[in-house]
Amino acid sequence: MMGKYKISLDRETCICTHNCAAEAPGFWIEAEDGKIDLIRAVYNKKTNIWELKAVELNEKDLKVNLLAEAGCPVDAIEIVKVEV
């Protein structure tokens, strides 16, 4: 089910298990400091969260990102469908 989604990363909460990068390497990458970065994300200064807003995800990309979200032991990742 294709659609637009907001993917959020609370980088301060991240404990560096890298489950997300293993599940969805096209979206998540290990940073120089050992934590994870959400590729092409923009930092929201109001919430201190890294975000991809209204990103179009095909079925495969949605599935691997939902696995990344589910595999995060500290709930640092959130994926929600958005209406555009």
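These are my notebook entries on a predicted model of a protein.

**Ground rules.** I number residues from 1 along each chain as its sequence is written, and my side-chain values use heavy atoms, with hydrogens and water left out. Since this is a predicted model, local features need pLDDT of at least 70 and side-chain atom pairs count only at pLDDT 80 or more, while totals for chains, interfaces and linings use all residues.

**Overall fold.** I looked up the secondary structure and found two helices and six strands. For the record, helices are DSSP runs of H or I with at least four residues, strands are runs of E with at least two, and both are numbered from the N terminus. Reading from the N terminus, I get the order β-α-β-β-β-β-α-β. The radius of gyration, taken over C-alpha atoms, is 12 Å, close to the 12 Å from the globule rule for 84 residues, so the protein is as compact as a globular protein of that length. That rule is 2.2 Å times the number of residues to the power 0.38. The C-alpha trace spans about 35 × 30 × 20 Å along its principal axes.

**Contacts and surface.** I counted a contact as heavy atoms within 4.5 Å. Of the contacts between residues at least 6 apart in sequence, 62% join residues at least 24 apart. Buried residues make up 39% of the 84; buried means under 20% relative accessible area, exposed over 50%, and partly exposed in between, with a 1.4 Å probe and protein chains only. The protein exposes about 5300 Å² (Shrake-Rupley method, 1.4 Å probe), and carbon and sulfur atoms supply 54% of that area.

**A look at S8.** I found S8 in strand β1, which covers residues 3–9. Is S8 buried or exposed? S8 counts as buried because its relative accessibility is 7%. Leaving out residues up to four places away in sequence, S8 touches W28, I49, W50, E51, A76, I77 and E78.

**Cysteines.** How many disulfides does a search of the whole structure find? My search gave zero, with a disulfide being a pair of cysteine sulfur atoms within 2.5 Å. C20 is in no disulfide either, with the nearest cysteine sulfur, that of C14, 6.4 Å away. I noted that C16 is partly exposed at 28% relative accessible area, whereas C20 counts as buried at 8% relative accessibility.
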